[in-house]
Amino acid sequence: MVDTLILDLLDPEKARRPPMAMKDYSDEFKADAVALYESTLGAICKSIAADLGINRATLREWVLRDRERRGLTAAAAKPGVQPGEAAASADPDERVRQLEARVAELEASERKLPCEPR
């Protein structure tokens, strides 16, 4: 009772607002959100979450759960990227091109780190 009175005195508008309801998202929506995040080069959780109208921490949790379910690390999370893939070619020039492409992919993945908690 006292807590309510203090809230009323400090911020009467906030005291009258009902608490936010937890939203229940379908598995399909979650999977689509994770796929969008994983497939968008240079995207960060904050921007993807804002576009979808969800909380950044919620999207981050979905991404981490999905990666754990698939047994992936952040570096191997992109579709079609397999660790050691660049070692496939015997041609030194082609190997350099593959390694440069892999470095670019890893740097793009690293730029997504703002998804991590601050």
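**Exercise 1. Identify which residues of helix 3 and helix 5 meet, and work out how the two helices are oriented.**

Solution. In this predicted model, Phe29, Lys30, Ala33, Val34, Tyr37 and Glu38 of helix 3 are in contact with Leu59, Trp62, Val63, Asp66, Arg67 and Arg70 of helix 5. Sorted by class, the residues of this contact comprise seven nonpolar, no polar and five charged. For the orientation, recall that two packed helices are described by the angle between their axes and the distance between the axes. Helix 3 spans residues 27–39 and helix 5 spans residues 56–70, and their axes come within 9 Å and cross at roughly 85°. Angles of 65 to 115 degrees count as roughly perpendicular, and helix 3 and helix 5 are therefore roughly perpendicular to each other.

**Exercise 2. Carry out the analysis for helix 4 and helix 5, beginning with the axes and ending with the classes of the residues in contact.**

Solution. The axes of helix 4, which covers residues 45–52, and helix 5 come within 8 Å, and the crossing angle is roughly 110°. Helix 4 and helix 5 are therefore roughly perpendicular to each other. On the side of helix 4 the contact is made by Cys45, Lys46, Ile48 and Ala49, and on the side of helix 5 by Arg56, Leu59 and Arg60. By class, this contact has four nonpolar, no polar and three charged residues.

**Exercise 3. Describe the second largest pocket by its volume, its lining residues and the elements that supply them.**

Solution. The second largest pocket holds about 190 Å³ of space. Its lining consists of Asp27, Lys30, Ala31, Val34, Trp62, Arg65, Asp66 and Arg69. The elements that give two or more residues to this lining are helix 3 and helix 5. Divided by class, the lining has three nonpolar, no polar and five charged residues.

Key
Residues numbered from 1 in each chain as written. Predicted model: local features only at pLDDT ≥ 70, side-chain atom pairs only at ≥ 80, totals over all residues. Heavy atoms only, no water. Axes fitted to C-alpha atoms, helices over the stretch in contact; angles between N-to-C directions. Helix = DSSP H or I, 4+ residues; strand = E, 2+ residues; numbered from the N terminus. Parallel < 35°, antiparallel > 145°, perpendicular 65-115°, else oblique. Contact = heavy atoms within 4.5 Å. Nonpolar A, V, L, I, M, F, W, Y, C, P; charged D, E, K, R; others polar. 1 Å grid on protein atoms, 1.4 Å probe; cavity = no way out; pocket = protein on both sides within 12 Å on 5 of 7 lines; lining within 4 Å. Points joined across faces, edges and corners; volume = space filled by probe spheres on them.
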